[in-house]
Amino acid sequence: MVHDAHGAARADDSGPTGLRLAPGEPSPAPGRDDDLPRDRTQAILEAAKQVAALLKQKEHGFALAGSVAAYAHGVSGRLQHDVDFCVLPEDADAVAATLREGGLTVHHAPEDWLLKASCLGQSVDIIFELSDHPVTPELLARARELPVDSVRMPVLSPTDMLVSLLKAFSEHHCDFGAVLPVARSLREKVDWQEVRRTCGDQPMPAAFLFLLERLDVIEPEPEQRAEPSKEQP
């Protein structure tokens with residue numbers, strides 16, 4: 001069993017046994033292995049699998065969210081941040097108890113819409129409110145069962161994931177560059193009419209949707225498509 005993130009990253013890299021240093025070769029410095037770069041993507045995936053296994057064992061309703069959900073849907077790139085899971089607000093205490101029983105450290109964050117946990121050295125957010133809206137049974141019901149590094153678990157639908165990312169935009173946090181690769185990769189899996197209906201009237205999401213149109217990532221709405229100009233006689 002893997003007990004730490006370093007073990008997860010190096011589980012298959014132990015190499016052949018019984019080898020000795022050639023004469024005259026210096027011995028490795030103590031702690032050399034600890035100085036090797038950590039495979040952060042694999043460590044995050046291991047944490048996601050461990051937490052999902054605990055939640056599935058107790059039959060909690062949940063859905064994987066955030067960057068790991070995008071990864072599960074096929075968005076390429078290395079994972080650099082935490083693991084996000086959505087749960088119902090009324091299940092938050094029971095989920096926290098399940099994680100503690102599984103040996104994880106869980107504590108309340110200053111924000112009142114999530115819990116913080118630590119698994120295999122990685123940060124795990126247990127979210128029960130997405131972009132100022134409580135997680136609902138309907139949201140979890142729309143999640144798709146997908147393999148995450150060989151472990152199947154419910155993952156937020158591409159449409160719900162994009163809605164949550166766009167609704168998080170504000171005057172103080174508006175990183176289009178981080179969301180653009182996700183929108184590009186998932187454009188054929190997203191119900192863009194639903195995205196527009198849900199958050200397209202808000203300034204920042206509307207600006208991002210306009211950017212996607214100008215970059216030919218998505219089609220503009222039919223009524224907004226400019227007709228060819230007619231020359232005046």
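1. Helix α6 is the main contributor to the lining of the second largest pocket, giving 5 residues. In this predicted model, that pocket has a volume of about 340 Å³. Its lining comprises 16 residues, and Leu139, Arg142, Asp160, Val163 and Lys167 lie nearest the centre. Besides α6, the elements β7 (133-134) and α8 (192-199) each supply at least two lining residues. By class, the lining of this second pocket holds 5 nonpolar, 6 polar and 5 charged residues.

2. The largest pocket has a volume of about 1,200 Å³. A total of 36 residues line this pocket, and those nearest its centre are Gly66, Ser67, Asp84, Leu165 and His173. At least two lining residues come from each of α3 (66-72), β5 (122-127), β6 (129-130), α6 and α7 (176-186). The lining divides into 17 nonpolar, 11 polar and 8 charged residues.

3. How many of the 10 residues of α6 are buried? The count is 9 for this helix, which spans residues 158-167, so α6 is largely enclosed by the rest of the structure. The buried residues are Pro158, Thr159, Asp160, Met161, Leu162, Val163, Ser164, Leu166 and Lys167. Among them, Asp160, Val163 and Lys167 also belong to the group nearest the centre of the second largest pocket.

4. Two packed helices are described by the angle between their axes and the distance between the axes. For α6 and α7, the axes come within 11 Å and cross at roughly 160 degrees. Because angles over 145 degrees count as roughly antiparallel, α6 and α7 are assigned to that class. Their crossing is left-handed.

5. The crossing of α8 past α9 is left-handed. Helix α8 is also one of the elements that supply at least two residues to the lining of the second largest pocket.

6. Most residues other than glycine have a negative phi. Leucine 120, however, has a positive phi, near 55 degrees, and is found in the loop between β4 and β5. With a relative accessible area of 15%, leucine 120 is buried, because the cut-off for that class is under 20%. Aspartate 149 likewise has a positive phi, of about 55 degrees, although it is not a glycine. This aspartate is found in the loop between β8 (144-148) and β9 (151-155). At 30% relative accessibility, aspartate 149 counts as partly exposed.

7. Where is alanine 117 placed? Alanine 117 is in strand β4, which covers residues 114-119. Its relative accessibility is 5%, so alanine 117 counts as buried. The C-alpha atoms of alanine 117 and leucine 104 are 6.6 Å apart in space, with the two residues 13 apart in sequence.

Definitions and conventions: Residues numbered from 1 in each chain as written. Predicted model: local features only at pLDDT ≥ 70, side-chain atom pairs only at ≥ 80, totals over all residues. Heavy atoms only, no water. Buried < 20%, exposed > 50% of the residue type's maximum accessible area, 1.4 Å probe, protein only. Helix = DSSP H or I, 4+ residues; strand = E, 2+ residues; numbered from the N terminus. 1 Å grid on protein atoms, 1.4 Å probe; cavity = no way out; pocket = protein on both sides within 12 Å on 5 of 7 lines; lining within 4 Å. Points joined across faces, edges and corners; volume = space filled by probe spheres on them. Nonpolar A, V, L, I, M, F, W, Y, C, P; charged D, E, K, R; others polar. Left-handed = near helix turned anticlockwise from the far one by under 90°. Axes fitted to C-alpha atoms, helices over the stretch in contact; angles between N-to-C directions. Parallel < 35°, antiparallel > 145°, perpendicular 65-115°, else oblique.
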